[in-house]
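I had this one open and wanted a few local features on record. Here is what I looked up, entry by entry.

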Amino acid sequence: MFRQTTAVLRKLRYRSFNGQQHSWKPKSTAAAERAVQYQPGQKIHGFTVREVAAVPDLFLTAVKLTHDKTGAQYLHAARDDSNNLFSVQFRTTPMDSTGVPHILEHTVLCGSEKYPCRDPFFKMLNRSLSTFMNAFTASDYTMYPFLTQNGKDFQNLLSVYLDAVFFPCLREQDFRQEGWRLENENPTDPNTPLVFKGVVFNEMKGAFSDNERVYAQHLQNKLYPDHTYSVVSGGEPLAIPDLTWEQLRQFHATHYHPSNARFFTYGDLPLEQHLQQIEEEALSKFERINPNTEVPSQPHWSSPREDHVTCSPDALAPDPSRQNTLCVSYLLGDITDTFEGFTLSLLSSLMISGPNSPFYKALIEPKIGTDFSSVVGYDGSTKEASFSIGLQGMAEEDTERVKQIISQTIDAIIENGFEEERIEALLHKIEIQMKHQSTNFGLSLASYIASSWNHDGDPVELLQINESVAQFRQALKENPRFLQDKVKHYFKENTHRLTLSMSPDEAYIEKQAEAEEEKLQKKIQALSDGDRKEIYEKGLELLDAQSKTQDASCLPALKVSDIEPTIPITPVQISAAGGVPVQYCEQPTNGLVYFRAMCSLNTLPEELRLYVPLFCSVVTKMGCGALDYKQQAQQIELRTGGMSVSTQVIPDSTQLDVYEQGVLLSSSCLDRNLPHMFHLWSDIFNSPHFDDEERLRVLVMMSAQELANGISYSGHMYAMTRAGRHLTPAGDLQETFAGMEQVKFMKRIAEMSDLSQVIRTLPRIKKHLLNPDNMRCAVNTSPQKMSDAAAQLESFMKEVAENRKERKPVRTHIIERPLDPLDQSGPSRKLISELNFHPCQMKTFFQMPFPVNFVSESIRTVPFSHEDYASLCILARMMTAKFLHGEIREKGGAYGGGARMGGGLFSFYSYRDPNSAQTLSAFRKGVDWAKSGQFTQQDIDEAKLSVFSAVDSPVAPADKGMGRFLSGVTDEMKQNHRERLFAVTHKDLVGVAERYLGVGQRTCGVAILGPENETIKKDPSWIVK
Ligand SMILES: [Zn+2]
């Protein structure tokens, strides 16, 4: 969601260089070439250039500078990418768990000297074409990044960001709203009980309802017990109410200072302009200080330690008697040693990644647990890195066995080392990751360098990945036992290691609630009558401030006229290979070939639909042809950038009760590996292995565990999917594939003692799915490689021709849509039409073991090509920014909430929300607000900017033309939609609110995931699950 904390950032870091998309111009290298001209020692706008380094493998030039007066550090990566990034990060090293850096991260965004209006950060979302705006609190730094493709917008956002971090208002009211406060449950009634409120307070309660997060936090705190890593930087819910406003301001003064700051810019905009603006608007106003924020090394333990923690039981976990986690964590070396960090992260992949790794064989295959522990492998997010290995979903009595296996596996690695082919596969993976162009490359770089740079490591050295690869090869050549020696040193002989176990406690949630109640009562007992009166008055003041319409005119803004009126056309060619339609799209893919195939589900018997996601997740992982699953995994790593299969439910663009259903095969490879990649696919088509029950069980356990773990993080998606279930046929299928129904189904499968029925089902699904008769393909690659790719695809089709079989669709009403709208007689997509579908109202409540709610209401409206669709898109955005955000987040204390339009449904949602009924009524009030028309032209223009920044977000070469391939939406249709968006008026918005969202006019569904709820239980209109 909006503002993320450590756990999310960690996920992001693992994805570094794996981002999905990127806007990439191949021919000109102007920005990178220009930047090479800088000279070390050169003075620019108060900065001195320290180093200039070309990084040809990443097509960029790095320029390192320092600010003369304050010592602020600066890195610029010049690259011909229009998606420019700015980020500033501060080393924030709290010494308690009050969440001071996290609450500060929130409050600096609540208004600043030059921009004193409330919440300029959120308001800029609607005044800019940014492709990304966010703020993160990690364990030891806080980062504020944004991305935009528009130069004027860059300056606007930079101005707002600089003022926010260096000159924030930090009003007491902001602290109370964002951090914590005591307030009457109903602020307008002084007789209602006092309770804790606050955005971060609720956010952290929500975050710690996630057992994976609980475990990760404990592990870090206990492995580094002597300094900042021993506390919770995001805030321990019960410690948050110990923070005072004064402490918050003090923390800002000492940490958010240029002398403690690192600036990073990336992209094709000129560096001088950035430096000038940063100097003039911020740095020139400061003198150098000594921030004293260094993190000392963790003193090494002389002997290993063990510890134990508890968590809440997980109702959705596959096996309730096996919910323990155990892992061993090792303290490694300093992350500022770039080559050592590179070596250890490679070593970690060799030890744990994929079915050929020793720990996978030793821990996952015997099925002692459902999956590796949530924290696993190399973690370089702390000053000294760590490596963790262990299991989740295991029985308590297996504890000793797991410990023993871990130590035996380490001994075996020291003895046997790694196969050369696995090392090559890993280096191949790095090569692909460097060549793959993602749209958020600047952001990937920012998070890739953040931790090491934060502790004064050299960010330029980190970017020179190829030098590390070369050094690694050399080290292996000189000493064949290079890796084994590392394992011996860092694991076998390392006494600084922690074994941490976690087990569920039935009374966990109850105990948490009791502890909170106790804390609350302590605070309340210390209050005088005067204090109580003041609390009531301040509550009213805050409510009043939140309810006022706010003047945001001090903020810079783009205008609707700054938006490009037309979209660039993406040419594609449609032809055929072996009788199968193929879409070719020429793109600068940097030596990679991207292949996709969409396979229709129309002939699949209905009772097999629930199994399709399971089929997708195992079909590339069980072995094929002459390869067992381990050899297959090895080949996939060695020859491709990955092979995956996923379900697709694609609503028709013209009719609500029509949709396409299928699975999408995706893979990529370096062009030299094309024959290998297609060979792997043809083995999967011709002779996939499905009969290894043991292997299947491992995969099933992992999928079920992953689904169960994902709910506390993506609960709003599950709530929305459920709410839309009975509104359209596509919504119904979406729930089957990706909703709570699927989660429960996978839990049932994971609990089966005998999987032979599933094993009999998989080949049946395969017959219907991997059938060239209901297939279409897409290839994206560079013009030079296209004919080779086409020839390879042709021979692939020959190899799989025996799978072609004409089968009858299960549903009788099939509608055909041409792949090329100009060629009505050409190849087509086959869509299902459910003419007799009756949408119905349904309210569903899922009782969950976490203390916050995810609330959603969905309303059936119109499909993409309908003339009202654009108005509904703008309305959803405007309601979110101008009404729902205030009601659900600011007043209601939820982490987030809003409305969105998609798939013919207008959906409201809230995220990590302390309320349920109140939020449902906020949705309804939002509709009344829209119908009353009490919004301005400025509000509408802002919503348009915000919608366009999403519509125009960059698309990677790999993904160009995919919208058209999958859903048949052509550039003309997109341009049409674009013109409608521009044309939306005040009258249109009131009109669609009345026609589609008013009570009586709508068919809607409601779903809530949340803790036990007495009111709902007593209300017969709800279905409680
Ligand atoms: Zn937050």
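**Helix α8.** I started with the length of α8, residues 211-223, in this predicted model. At 1.5 Å a residue, its 13 residues should span 18 Å, and I find the end C-alpha atoms 18 Å apart, so expectation and model agree.

Next I asked how covered α8 is. The helix is mostly covered, with 10 of its 13 residues buried. I noted the buried residues, among them Arg-213, Val-214, Tyr-215, Ala-216 and Gln-217. Further along, Leu-219, Gln-220, Asn-221 and Leu-223 are also buried.

I then checked the start of α8. There a side-chain oxygen of Asp-210 comes to within 3.0 Å of the backbone nitrogen of Glu-212.

**Helix pair α29 and α34.** Two packed helices are described by the angle and the distance between their axes, and I looked up both. For α29 (residues 869-891) and α34 (residues 986-997), the axes come within 9 Å and cross at roughly 95°. I therefore put α29 and α34 down as roughly perpendicular to each other. On the α29 side, the contact is made by Ser-871, Leu-872, Ile-874, Leu-875 and Met-878. On the α34 side I listed Asp-988, Leu-989, Val-992, Ala-993, Tyr-996 and Leu-997. Sorted by class, this contact of α29 with α34 has 9 nonpolar, 1 polar and 1 charged residues.

**Ser-856.** I found Ser-856 in strand β28, residues 854-860. Its relative accessible area is 0%, so I call Ser-856 buried. What does the side chain of Ser-856 have a polar atom 2.9 Å from? I get the backbone oxygen of Phe-908. Leaving out residues up to four places away in sequence, Ser-856 touches Ala-719, Met-720 and Ala-723, along with Phe-908, Tyr-909 and Phe-923, and also Gly-1005, Val-1006 and Ala-1007.

**Thr-721.** I went to helix α24 (residues 693-723) for Thr-721. At 17% relative accessibility, Thr-721 counts as buried, since the cut-off is under 20%. With residues up to four places away set aside, Thr-721 touches Gln-734, Glu-735 and Gly-739.

**Thr-192.** I placed Thr-192 in the loop between β10 (181-184) and β11 (194-197). Is Thr-192 buried or exposed? Its relative accessibility is 18%, so I count Thr-192 as buried. The side chain of Thr-192 reaches the backbone oxygen of Asp-189 at 2.7 Å. Not counting residues up to four places away in sequence, I have Thr-192 touching Asn-184, Glu-185 and Asn-186.

**Positive phi.** Most residues other than glycine have a negative phi, so I wrote down two that go the other way. His-45, not a glycine, has a positive phi of about 45°. I see His-45 in the loop between β2 (43-44) and β3 (47-55), and at 34% relative accessibility His-45 counts as partly exposed.

My other entry is Asp-119, with a positive phi near 60°. Asp-119 sits in the loop between α3 (100-107) and α4 (120-124). I note that Asp-119 is buried, with a relative accessible area of 6%.

Notes:
Residues numbered from 1 in each chain as written. Predicted model: local features only at pLDDT ≥ 70, side-chain atom pairs only at ≥ 80, totals over all residues. Heavy atoms only, no water. Axes fitted to C-alpha atoms, helices over the stretch in contact; angles between N-to-C directions. Helix = DSSP H or I, 4+ residues; strand = E, 2+ residues; numbered from the N terminus. Parallel < 35°, antiparallel > 145°, perpendicular 65-115°, else oblique. Contact = heavy atoms within 4.5 Å. Nonpolar A, V, L, I, M, F, W, Y, C, P; charged D, E, K, R; others polar. Expected span 1.5 Å × (residues − 1). Buried < 20%, exposed > 50% of the residue type's maximum accessible area, 1.4 Å probe, protein only. Polar contact = N/O pair within 3.5 Å; in protein donor to acceptor, adjacent residues only side chain to side chain.
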